[in-house]
Structures are given as structure tokens and as C-alpha cells.
Amino acid sequence: SSGINAEWPLRPGTCYFDLIMLTALLTTLLVACATGHYHDYDWKVMQSNFPDLLTGEDESCDHAKIYSYHIHVLFWQNNKDHVESALNLRNDFINRYGLNNKACTIAAGNPASGHEMCVFEVDWNPAGPFTTAQYSFFIPPYRLQETSFWMLQNKGDHDVFIHPNSGCETDDHTKWNTFSGAKWPIDASVFTCNYPGCKPKKKKVPTATLR
């Protein structure tokens with residue numbers, strides 16, 4: 001048994017539905033990488049077509065190359081139980097993937113090609129484009145499938161936001177993203193990088209201690 005209780009008919013927002021849709025997305029992306037062909041993948045959960053992973057010469061964001069991903073967990077900062085369970089989930093992810101003492105030292109929006117998986121500090125209040133408290137993990141492309149599946153299966157009642165990092169911050173967060181759980185508004189007005197490969201300046205050094 002997979003341990004996942006399917007609800008039929010499948011409905012968006014259920015764990016099983018999210019896993020099926022993410023599997024379909026990742027399968028399509030792997031085929032694109034293997035064949036070298038451009039794929040327009042129209043996924044209901046996504047808000048527009050995913051960009052080609054193999055082209056980086058064009059300065060337009062329409063075909064921006066993806067260098068990495070972020071997995072965000074959003075939580076209610078004024079709810080003690082929600083904060084506690086969110087931090088437990090963070091610690092479980094850190095322990096599962098051996099990320100103790102691997103705090104991210106790059107700017108949050110830096111695509112950082114080739115960078116290893118790491119942990120960003122917790123934003124205890126709304127910050128950047130997010131309208132609630134959240135934390136995130138930097139994910140290299142080859143680790144996306146295993147880490148995303150783990151998070152979807154273990155997130156409980158928390159909302160998860162996954163997006164690529166191409167340098168085109170607005171599109172990364174508003175067109176090429178996916179939510180599992182509630183869909184929170186994203187304030188794209190804060191982004192300063194909107195061309196392929198752009199690296200925003202780092203505003204502060206992480207001070208959070210990984211537990």
C-alpha cells in the first residue's frame with residue numbers, strides 16, 4: 001500500500017491529485033531534457049506554459065533556462081500550533097536530506113546554477129512577495145522530484161509553493177509555479193530581476209540556526 005488515500009473522483013487540492021499532476025509535469029520535463037525538443041506543457045495547476053529547459057541564449061523570459069527550484073512552506077504566524085507543526089516539518093525535511101548546518105548563503109532569488117541543496121532562514125512575518133510567514137529550501141533540478149514528492153506526502157495541513165529559478169523572478173513566481181494546498185497571493189512588485197540568469201543582490205546574511 002502506498003499510504004495515500006485516494007478520493008474519487010480526483011479533486012484539485014487533494015494530496016493524491018497533487019502527486020499525479022506533479023508526476024505528469026516531471027515526466028514531461030524529463031522527456032524534454034532527453035529529446036532536446038521544446039515542450040509546451042499546459043498543466044491546469046500551473047498558470048501558463050512551462051519554459052524550455054534547454055535554451056538560454058534568448059534574452060526574453062519566454063524561453064528562459066531554469067537553473068534551480070525553491071520549495072516554500074507557508075504557515076500562519078499568529079497560530080501557535082500551526083507554527084509548531086510548520087517548524088517540525090522543516091526539521092523533518094532537514095533531517096531527511098542531511099541539511100543540518102547547510103544554511104543558504106546566496107540571495108533568495110539567485111538561480112545559483114550548480115549550487116547544492118540548502119536551507120533559507122525562516123521569515124516569521126510576511127516578507128518579500130509572501131503575504132504570510134514562510135520558509136524555503138533551495139533545490140537543484142536533479143533533486144526536485146524526490147524532494148517535492150516527500151514534501152507533498154508529509155506537508156500535513158500546510159500550504160506548499162514550488163517554483164523554478166531562471167532569473168525571471170516575476171514569471172518564476174506567477175506563471176511557472178504550483179501550489180499544493182491553499183493558493184496564497186504573491187506580491188510580484190518586489191522583484192528586481194526579470195531577465196534570464198539575473199542574480200538579485202543579497203539583502204541580508206542568514207542568522208537562523210538550523211535545528
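**Labels and their grounds**

Guide: Start at one end of the sheet. E2 and E3 run antiparallel and are joined by two bridges. This is a predicted model.

Visitor: What makes E2 and E3 a pair?

Guide: Pairing needs at least two bridges. E2 and E3 have two bridges, so they pair. Across from valine 119 stands phenylalanine 137 in E3.

Visitor: What is the strand order in the open sheet?

Guide: The five strands are ordered E2-E3-E1-E4-E5, with antiparallel pairing. E2 and E5 (178–180) each have a single partner strand, so they stand at the edges and one side of each lacks a neighbour in the sheet.

Visitor: How do you know that E1 pairs with E4?

Guide: Seven bridges join E1 to E4 in the antiparallel sense. The threshold is at least two, so E1 and E4 count as paired. Histidine 70 has histidine 163 of E4 as its bridge partner.

Visitor: Which strand pairs with E1 over seven bridges and covers residues 133–139?

Guide: That is E3, again antiparallel to E1. Histidine 72 has its bridge partner in E3 too, at serine 136.

Visitor: Why is E1 called mostly covered?

Guide: Eight of its eight residues are buried. Take the faces in turn. Ser68, His70, His72 and Leu74 are buried on one side. Tyr69, Ile71, Val73 and Phe75 are buried on the other. In a regular strand, side chains alternate between the two faces of the sheet.

Visitor: What lies across E1?

Guide: H2 lies across E1, E2 and E3, at about 10° to E3. H3 (residues 144–154) lies across E1, E3, E4 and E5, at about 10° to E1.

Visitor: Why is serine 68 called buried?

Guide: Serine 68 is in strand E1, which spans residues 68–75. Its relative accessibility is 0%, and buried means under 20%, so serine 68 is buried. Its contacts beyond four places in sequence include Asn110, Pro111, Phe138, His163 and Asn165.

Visitor: How many disulfides does the structure hold?

Guide: Three. Counting bonded cysteines along the chain, the pattern is 1-4, 2-3, 5-6.

Visitor: How do you know that cysteine 61 and cysteine 168 form a disulfide?

Guide: Their sulfur atoms are 2.1 Å apart. The cut-off is 2.5 Å, so the pair counts. Cysteine 61 sits in the loop between H1 (15–35) and E1, and cysteine 168 in the loop between E4 (159–165) and H4 (169–174). They are 107 residues apart, so the pair links distant parts of the chain. The S-S torsion is about -95°, so this disulfide is left-handed. Both cysteine 61 and cysteine 168 are buried.

Visitor: Why is the disulfide of cysteine 104 and cysteine 118 right-handed?

Guide: Its S-S torsion is about 100°, so it is right-handed. The sulfur atoms are 2.0 Å apart. Cysteine 104 and cysteine 118 are both buried.

Visitor: What about the link of cysteine 193 and cysteine 198: left-handed or right-handed?

Guide: The value about the S-S bond is -60°, and the link is left-handed. The S to S distance is 1.9 Å. Cysteine 193 has 2% relative accessible area, so it counts as buried. Cysteine 198, at 5%, also counts as buried.

Visitor: What makes arginine 143 and glutamate 146 a salt bridge?

Guide: Their N to O distance is 2.4 Å. The cut-off is 4 Å, so the pair counts. Arginine 143 is buried, with 19% relative accessible area against a limit of under 20%. Glutamate 146 is at 35%, between 20% and 50%, so it is partly exposed.

Visitor: How many salt bridges does a search of the whole structure find?

Guide: Two. Aspartate 171 and lysine 175 also meet in one, at 3.7 Å from N to O. That is within 4 Å, so the label holds. Aspartate 171 counts as buried at 12%, whereas lysine 175 is partly exposed at 38%.

Methods
Residues are numbered from 1 along each chain as its sequence is written. This is a predicted model: local features need pLDDT of at least 70, side-chain atom pairs count only at pLDDT 80 or more; totals for chains, interfaces and linings use all residues. Side-chain values use heavy atoms; hydrogens and water are left out. Helices (H or I, at least four residues) and strands (E, at least two) are DSSP runs, numbered from the N terminus. Buried means under 20% relative accessible area, exposed over 50%, partly exposed in between (1.4 Å probe, protein chains only). Contact means heavy atoms within 4.5 Å. A salt bridge is a side-chain nitrogen of Lys or Arg within 4 Å of a carboxyl oxygen of Asp or Glu. Axes are lines fitted to C-alpha atoms, for helices over the stretch in contact, and angles run from 0 to 180 degrees between N-to-C directions.
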